[in-house]
Amino acid sequence: MRILVTNDDGYHAPGLEVLEEIAARFSDDVWVCAPSEEQSGAGHSLTLNRPVRLQKFAERRFAVTGTPTDSVMMALREVMDAPPDLILSGVNRGANLGDDITYSGTVSAAIEGALAGIRSVALSQVYSRDRDDGGDMFAAARQWGARALGPLLDTPFADRTLVNVNFPPRAADAVKGIRVVRQGFHDYSRGSVVEGRDPRGFRYFWFGLHAIEHTLDHGTDLEAIDEGYIAVTPLQLDLTHHSSLGPMAERYEV
Ligand code: MN
């Protein structure tokens, strides 16, 4: 099995190394092609208004001066002589839960894989500022990664679907297990924009992505993480709200 590993935290991010270790449990044909700089929040963006450069660091290790989507495209079109059987994106430093998904470069790299018809999984380690004890923040992902991934490798994925995995912010032995759950939603607070002054006295604004409050609906990724479980969520690229099709079409009928 040939595996492509990518991320949105950048080629030098510690989570990429964690994911390479997980991938190595399944294959010795692991390729890395990741953005040269951090691209968190890049979503599914593609670099169109400037060139991207490809940097080769070793036989199967590359960085791209662009977005996560650019990296997957470059890997599939330029870097790899044959397509991978599996694309893994992460392990992201921080949650990709609920409404995070459309902002996420991590999930978007997996979306790009799904568009190419390749089995793709995004992996994120939820980070808790309260638990910033200097320990290994990727402990749960490191210990549970292969167990979370294993069953996905021989599960059929429907066309244009991918899987989003989040690890709870807990020590590995405090993780309670794995739940397959739907995407929840955040109550985003406008308070996540911080205003300040730069060293020259000019005003700036800085976005924080994390929601202040969650709606912990039953059976969601947010609830699973809150209760100490790994959240596994199948996602689809079809964003159509099917039950609105009929009623909306009626509004256009004369
Ligand atoms: Mn990130």
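E20 is buried, with a relative accessible area of 19%, where buried means under 20% relative accessible area, exposed over 50% and partly exposed in between (1.4 Å probe, protein chains only). The residue lies in helix α1; helices (H or I, at least four residues) and strands (E, at least two) are DSSP runs, numbered from the N terminus. E20 touches V5, V32 and R61, leaving aside residues up to four places away in sequence, contact being heavy atoms within 4.5 Å.

The model is predicted: local features need pLDDT of at least 70, side-chain atom pairs count only at pLDDT 80 or more, and totals for chains, interfaces and linings use all residues. Residues are numbered from 1 along each chain as its sequence is written, and side-chain values use heavy atoms, with hydrogens and water left out.

**Manganese site**

- The manganese ion is coordinated by D8 (OD), D9 (OD), S40 (OG) and N92 (OD1), at 2.1 to 2.2 Å. Donors are N, O and S atoms within 2.8 Å of the metal (3.2 Å for Na, K and Ca); water is not among the atoms, so sites may look incomplete.
- Along the sequence, the spacing of the donor residues of the manganese ion is D-D-x30-S-x51-N.
- D9 lies in the loop between β1 (2–6) and α1 (14–24), and N92 lies in strand β5 (residues 86–93), so this pair ties together parts that are 83 residues apart in sequence.
- D9 is buried, with a relative accessible area of 10%, and N92 also counts as buried, at 6% relative accessibility.

**Strand β2 and its neighbours**

- Strand β2 (residues 29–35) is largely enclosed by the rest of the structure, because seven of its seven residues are buried.
- β1 and β2 pair in the parallel sense over four bridges; two strands pair if DSSP finds at least two bridges between them. The bridge partner of R2 in β2 is D29.
- From β1 the chain crosses through α1 to β2, and this β-α-β crossover is right-handed. A crossover has that hand if, with the strands pointing away from the viewer, the path from the first strand over the helix to the second runs clockwise.
- β2 also pairs with strand β4 (residues 61–64), in the parallel sense and over four bridges. Here the bridge partner of A34 in β4 is A63.

**Strand β5 and its neighbours**

- β5 is mostly covered, with seven of its eight residues buried.
- β5 pairs with β1 in the parallel sense over four bridges, and the bridge partner of I3 in β5 is L86.
- β5 and strand β6 (residues 119–125) pair in the parallel sense over six bridges. L86 has R119 as its bridge partner in β6.
- The chain crosses from β5 through helix α3 (residues 105–115) to β6, and this β-α-β crossover is right-handed.

- Helix α3 is largely enclosed by the rest of the structure, because 10 of its 11 residues are buried.
- The buried residues of α3 are G105, T106, V107, S108, A109, A110, I111, E112, G113 and A114.
- These buried residues of α3 pack against β1, α2 (68–79), β5, β6, β7 (161–167) and β13 (229–236).
- S120 lies in strand β6 and is buried, with a relative accessible area of 0%.
- Leaving aside residues up to four places away in sequence, S120 touches I87, A110, G113, A114, F157, L162 and V163.
- S120 and F157 are 37 residues apart in sequence, and their C-alpha atoms are 9.1 Å apart in space.

**Aromatic pairs and charges over rings**

- Rings of Phe, Tyr and Trp (its six-membered ring) pair if their centres lie within 6.5 Å; planes under 30 degrees apart count as stacked, over 60 as edge-to-face and the rest as tilted. By this rule the count comes to two aromatic pairs.
- Y204 and W206 form an edge-to-face aromatic pair, at 6.3 Å centre to centre and with 75 degrees between the planes.
- Y204 is partly exposed, with a relative accessible area of 31%, whereas W206 counts as exposed, at 61% relative accessibility.
- R147 lies over the face of W144, at 4.1 Å from the ring centre. A charge sits over a ring if NZ of Lys or CZ of Arg is within 6 Å of the ring centre and within 35 degrees of the ring normal.
- The charged end of R179 sits over the ring of Y229, 3.9 Å from its centre.
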